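I opened the notebook to look up backbone details. The entries follow the structure.

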Amino acid sequence: MSEVNQCIHALNTIIRGKDLEIRLAVCCLLARGHLLIEDLPGMGKTTLVHALARVMGLGYQRVQFTSDLLPADITGVTVFDKNTANFTFQPGPVFSQLLLADEINRASPRTQSALLEAMEERQVSVDGQPQSLPEPFFVVATQNPVYQEGTFLLPESQLDRFLMRLELGYPDPESEKAILKGEAGRVEMDALPAIFNADQLIKAQNESARGHVGEMLLDYVMRLISRTREVGYFNVGLSPRAGLALIAAAKAWAWMEGRDYVIPEDVQAVFVPVADHRLKAKEKSQSVRELLTGTRIMG
Amino acid sequence: MLSDAQVSRISTLWLIAALLSVLFPIWKQVPLLIILTGCLSAGWRIAILQGRGHWPPFLLRLGLILIALVSVVVSFRPLISLESSVSILAAGYAFKLLEMRSQRDALVVVYIGYFLVATAVLFSQTLLQTLYLMFCLVMLIAAQQGLFREMDTTPVVSSIRFAGLLAFQAAPLTILLFILVPRMGPLWSVPLPDNSGRVGLTDAMTPGDIARLSRSDELVFRARFAADVPPAQQRYWRAVVLDQFDGKTWKQTDKLFSVAAMSQKNWVSKQPVTEGWWKNRLGSYQYEVMMEPTGKPWMYSLGAVGTVAEKSYFYRTMRLASEQPVDSRLLYSLDGMLPRARSVSMPGWLVELNTRIPVVGNDRSRQYALRLFNQAGEDPVKMAGRLLSLFRQDDFYYTLSPPLYDQSSTIDQFLFEGRRGFCAHYAGAFVYLMRAAGVPARVIGGYQGGEFKEDENLIQVRQFDAHAWAEIWVAGQGWLRFDPTAAVSPQRIASGLEAAIGPAETFLPDSPLSLYRYRQSGIINRVRLVFEKAEYQWQRSVVNFKQDQQEAFLRSLLGDKDFYWRQATALALGVSLILAVLSLTLLYRRQSLPPLQKLYARFLKKMARKGFVPRDGEAELSFARRISKSDDTLAEPVMSFCEAYIQAAYGENGSEMHELKRLLTRF
């Protein structure tokens, strides 16, 4: 537990003033979920992911998505080895513990789906042979919301594969000053210690998944979910899969808070990043956050 | 909704259970054969349910019906009576259950069941029976409910609970209708239950009859006193006056008096006569008697009365009788008198009647009586005193099981050979001897004693309190009471039968389960007393709430003006009010919170008083943190309560409620 706080503390020295986002990213990792970061360039997306991989002691690969990227570029190819006169499999970047899929919306839908399938199944099929991906396997995709020309927007059904979507946003002035002074950001990366390793992370993931979800909390989650379907300002409400995701994330959050049971605050903390990208508001004015204030805690 | 669909297993089982429980309270009234065919039907039906039985063929069903009809025809004289109708209904229930296949049939069975429950009330209205019938009703409701259930797996307890809830919801309406709906006479009627089989006093006493009564602990009547209660030795409840002796049996003959030039009108009166050749002296006891039905006209009194109850007569033999045989529970009030009425002189024909004994038999007794009369100086009172001391000093025994005196001279046999007898033997012998000496004397039959209940000022008399005593007529003094039993066994008069019988005899030998037998055991006796009290109140206020009582009660409640209109309005208003309340509660039924959430609601209330109200969507921990931030004094107790609460509510680790309650009291 305290290791998690150490991680968060260490990450805070790199990304200033983004404590909540860092916590959510760690929470997403603990809940075995994939993360989508949507923000403008230069906001520290890549830095965050890089730092996360270091702190967690995970093997890290980065793929810059472009429109001419092919599925094989991600999953890997079988090549003929002249020396052994055999076909051997050359694993692609997807065979890493943490994969940063930069600007995922620039790739063609075909390539996108290849990655998204790998995310869901946690294995890839190459030449009909299933190849297991490493454990843990964590994808962080980034997306640029503004320059949409020549991009392929991820459809809602695909967005569902990401447990959370985060927006980093501009840093507060104090933090920005520190960054400008060179006291934070990528420059500090080399000094970052590896606090976790892959085995410890798997252990932490298992522990957090065992958190207790009580009857009253389930009722609360049910109310939240049915509210997304009833309020009428979303095209579609949350699916049962989204509900499962919400509970998994809330369990991880509760574990980070040092509890082995989930309380409504845990659900509220993760609700917006978990639900926001799965709900498409009919009008801009309605926000997902309002659902939280509009739902009773007790039946 | 109702279809030809098959009745589900569970409904069938409910109906079978209901059949057996409904048959139970009426088994005494219904011929045994019908009870047996009922049980057979139930068993057959269970066999069908288990897949081991066939549906009964037509001829068998016809045969069963014939058996039932024949047994009814054979058992009942006259044929058309309440019992025979109920028997046919019971048989119908059982046979319909046997051949029932569709839900429509099952509904018919349920309705017959309801009707049978209602008929059971005609035979008995005790509290215990009522409670049992309520249980039968709940069974029937559960059976009826089961017909409309899709699922076949509802557990027994929840079915019963549901049916009980339905019955409970109907209770206010039932009570209202019971109070307000006018009692109307029946449009047609069958003769009421026959009471000939009852145990009780008769107007013909053969020594031994009363000993038979003493084996029963059945309730006879209860008397509630307005103020003073007579002491145990004075509790002589008169019922019959036996003044005719044929050598074996004492009989009551005042119906024959009109022949003796004594008009009925003068002999029987609606108001006690206190003037003339017959004088009564007013006593001081005021009491109200609630008597169980006997099927006989006589009523119980402490002797002469100052007022005569409605629909009854007072005879100059100082007994009270009803116009009609008492077939249902009767409540009457009396302004009593002690039996110390005096007649100044007695007409000759009456003297003759009260000294008449058979001309033959009992020669030794006659001679003995004359000798005694002479020895007493021809003073009847002195002679009676000598007779009592004879009973006291010689080896006469008081016993519940006397030998049978069946020779032609029963009195001789008792006085000079057996010397073991019950009150009737002593009273009979005493009166015989007095009459043999020429002194007018008679046997009085009734009850003596009773159990006094101090908290209700009530005396409860049972069959084993049955008693016979004697009265002799002394010129100038009137009828004087002598109780020869008191000489033989003073305990019988002072403490009742149980104290009087010896250790060799068993009290209430025929009813080993009677609660009355276990009076010595503290808890059982307390239970018995509480139950009897409840039973008395039930009989007095509910069962006895008949037309007159209802009208009097409602008139006092609603006023006399336009009474019937008011009654109708009250009825309509009451029914609509109850229905409105019931439907509103159904509409706005508030879900009752689980205990934990109730506790949290209390916490919220306390916080609201201090000015903290949770924001929209603010959960427990955030709320507590906000409070602690703004109020340092509250911080510690609020946080410790909140942490314990969320642990209990969301951690569900079963933490102790009282610990939470304790934490809640800290602010």
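I began with the loop that holds A85(A): this residue sits between β3 (76-81) and β4 (86-91) of chain A. Helices (H or I, at least four residues) and strands (E, at least two) are DSSP runs, numbered from the N terminus. I noted that this is a predicted model, in which local features need pLDDT of at least 70, side-chain atom pairs count only at pLDDT 80 or more, and totals for chains, interfaces and linings use all residues. Residues are numbered from 1 along each chain as its sequence is written, and chains are lettered from A and ligands numbered from 1 in the order in which they are written.

I looked up phi for A85(A) and found a positive value near 55°, in a residue other than glycine. Is A85(A) buried or exposed? A85(A) counts as exposed because it has 7 C-beta neighbours inside 10 Å. The cut-offs are 20 or more other C-beta atoms within 10 Å for buried, 12 or fewer for exposed, and partly exposed in between, with C-beta atoms placed from the backbone.

I turned to D562(B), which is not a glycine but has a positive phi of about 45°. D562(B) lies in the loop between α19 (547-558) and α20 (563-587) of chain B. With 11 other C-beta atoms within 10 Å, D562(B) is exposed.

I then checked peptide bonds and noted a cis one between E135(A) and P136(A), with omega about -15°. P136(A) belongs to the loop between β7 (129-132) and β8 (138-143) of chain A.

Last, I noted confidence. Chain B averages a pLDDT (the predictor's confidence in each residue, from 0 to 100) of 79, and 85% of its residues score at least 70. The model has ipTM 0.85 and pTM 0.52.
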